[in-house]
Amino acid sequence: MRQTLFRIPLDGPWTIGPLELPGFGLGIVLVAWCLVGLLWLYRNPSKRAPLTGLFAPVGIWLVVAAAIVIVPWFVERPARDEIAQADRVLASDPTSLEALITRSQANYSKLDYAQAVDDLKAALRVHPQSSIALNRLAWIQATCPLASIRDAAGALANAKQACALTSSRNPEYLATLCAAQAETGDFKNAVETQQQALRLATSASRSEEVAPVADLPRMRQQLQAAVENRPFRDQSAGKSLPVYGFGAMLFLGFTAAAWSAARRGMRVGYPPEMMWDVAIWLFISGVIGCRIFYCIQYGQRVFFDYQNGEYVLKSLPNLLLSAVNLPDGGLVWYGGLFAGALVAWWFCRQRKIPFLQLGDVVAPSLFVGLAFGRVGCFLNGCCYGDRCDLPWGVRFPMGSVPDMALVLRGFLGADQDSSMRLHPTQLYSSITAAILFLLTNAYFYYRPRNGAVIALSAFTYAITRFTIEFLRDDEPLQFGTPFTISQLISIVMFVFAVGFSIWLSRQPLLRVNPQLAKSGRPIAV
C-alpha cells in the first residue's frame, strides 16, 4: 500500500486528512490555475505589450483550463454509461438482479450512496435470498464515509444472513461481517471474524469463490482497524488523483539536487541554465535506467502473471503497460546511475566540456537526490530491512508492502494481529546519503584533480551500499553467492574506484583560480 499524502478528487470535495474543503477538488485546482495565469501576466509585463506575444501562453493556459473543467465529466462517464445500460435492462425486466446490482455499484462509484442503497434494497425485495446483494448492502451500511448512510444494526443483520447463505465459507462476506461488528462496537468479535476470513483467504484448499490475493491488503487493513478499536471506512469510491509520498520526495530530491549542482557549477564557470539542463537530462535518463534495471532484475514479477500454479507471459498491451507502470513501484538506483553516466558523457560531447569536471559538479547532488528518494522508499514501503529487535525497529501498517511481503513469504500469518518490526533500511540509506553529500560537497572545493569527487563518491557509496544490503530483506541472493545483485555491483564499483584513483593520481594537478579563491574557498578549475 503506497503512502498517499493527499488526493485531488475529480468528482467530489477535496479532503486533507480529516478536513474537507468545500467545492470540487478540480474546482480548487482551476482557481489555482487562474492565479498562476494572473501571476504570469504580472511577472511578464513585456509579454503584454504586443498582443501577438500573448497568443501562445494564453492558448496553453486555456487548453489546460479546459482540461480541468472537462476531466470531472470525463471520469464519471463510465459510471453514467453503466447506469444507462442498467436502466434499459430494468425497463424491460424490473426484477433483474444483475442490473440492480450494477446500477448500485455505479451509483456508489459516483458517491451517490443513498441511491446505491435504494438499488440494493429494491433488489432484495424481489430476491431476498441474494447473498451478493445482502453482502453489498451490509458493506455500505457498515463502512460508508457518510454517517447518514451507515446503519450498524442493519449491516450486522444483512452480513450475518449473507454469511449464513454461504455457510461462512466466503472470506469477503466474513470481512463484511467484521466491518459490521466493528461498526456496532463489538471489536473483539470483529477481530476474530477477520482472522477467520484471512485464514480462509490464504487456505491451500480454498475454492474459486475465495478472495484473490489482491484483496489481502485491504483485509489486513480491516484487521488493524479492528485491533485498534476503530470502525473501517471504505474510501475507494469516487475518482481522484493521488499524490504519493514517493513521487513527492522524488520531486523534492530533484529540485534540491539541481539547485545544489547549479551552485557548484557557477564556481567552475557553468551557467545555472546549463546545470538545470543537465539535471533534466539526468533525471529523465536516470528514471528510465532505474526502470530498465528493475525490469531485467525482476522480469518474472513484471512481465508474467501467476495462474494455476505457473507463470504465464502477459499479452503484448499488458507487457508494454507493465514496463512503464511506475506507480506500482520498481526502480533500481544503480540502473539510473549507469544510464545517467552515459547521458552525461553524451552531454559533455555535445557541449564540449570536460566530462570529469562535470562529474565532480554533479556527484554530490546524486546523494541529495538519494537522501530524499530513500525517504520516499520509506513512505512507499519498498527497500525494507530484515527483522529488528532494536528500539528503533519499525512496525509497518498491516496491508503495507513490507507487511504483505512477510505474509506472502510465510514469515507472518495472514491472521496475525500485528506486523513484524523491521530495520528501517530506507532511513539508514537516507542518512548515509546525506552524510556522503556533506563529505563530497566539501571535498569538491578542495579536490586536487578533475574526477577526484567521482572517485570519492564511488568509494564511499560502494562501501555503504554493500554494508546496508546485509540488513535488507527484499532482495534475493544471486548466482549462488551470499550477496545480492546490488552488493555484487558495489564490489565492481569499488574495484573501479580503486583503478580510477590510481589512474587519476598520475594526472596533473589543477591550478587554483585566484578570482574564485577570494570567495573563501580555494576552488580548483
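What percentage of the 525 residues of the protein count as buried? In this predicted model, 44% of the 525 residues do, buried being under 20% relative accessible area, exposed over 50% and partly exposed in between, with a 1.4 Å probe and protein chains only. The accessible surface comes to about 27,400 Å², and carbon and sulfur atoms hold 64% of that area; the areas come from the Shrake-Rupley method with a 1.4 Å probe, and for residues only the protein chains shown count as cover. The fold holds 22 helices and eight strands, taken as DSSP runs (helices H or I, at least four residues; strands E, at least two) and numbered from the N terminus. With contact meaning heavy atoms within 4.5 Å, 66% of the contacts between residues at least 6 apart in sequence join residues at least 24 apart.

Residues are numbered from 1 along each chain as its sequence is written. Because the model is predicted, local features need pLDDT of at least 70 and side-chain atom pairs count only at pLDDT 80 or more, while totals for chains, interfaces and linings use all residues; side-chain values use heavy atoms, with hydrogens and water left out. The mean pLDDT (the predictor's confidence in each residue, from 0 to 100) is 84, and 84% of residues reach 70 or more.

We can turn next to empty space. Rolling a probe the size of a water molecule over the atoms shows where such space is left. On a 1 Å grid over the protein atoms alone, a cavity is a set of points where a 1.4 Å probe fits but cannot get out, whereas a pocket is an open set with protein on both sides within 12 Å along at least five of seven lines; lining residues have an atom within 4 Å of a point. Grid points are joined across faces, edges and corners, and a volume is the space filled by probe spheres set on the points.

The second largest pocket has a volume of about 210 Å³. Eleven residues line this pocket, and Gly-37, Trp-40, Pro-57, Val-58 and Trp-61 are the closest to its centre. By class, the lining has ten nonpolar residues, one polar and no charged; Ala, Val, Leu, Ile, Met, Phe, Trp, Tyr, Cys and Pro count as nonpolar, Asp, Glu, Lys and Arg as charged, and the others, Gly among them, as polar.

One cavity of 30 Å³ or more is present, and the largest cavity has a volume of about 60 Å³. Its lining includes Arg-374, Tyr-461 and Arg-465, and comprises four nonpolar, three polar and two charged residues. Helix α20 (452–469) is among the elements that supply at least two residues, and α20 gives the most, with four.

Cys-178, in helix α9 (residues 171–183), is buried at 2% relative accessible area. Beyond its neighbours within four places in sequence, Cys-178 is in contact with Ala-190, Thr-193, Gln-194 and Gln-222. Cys-377 lies in helix α17 and is buried at 7%; leaving aside neighbours within four places, its contacts are Phe-246, Cys-382, Cys-383 and Gln-426.
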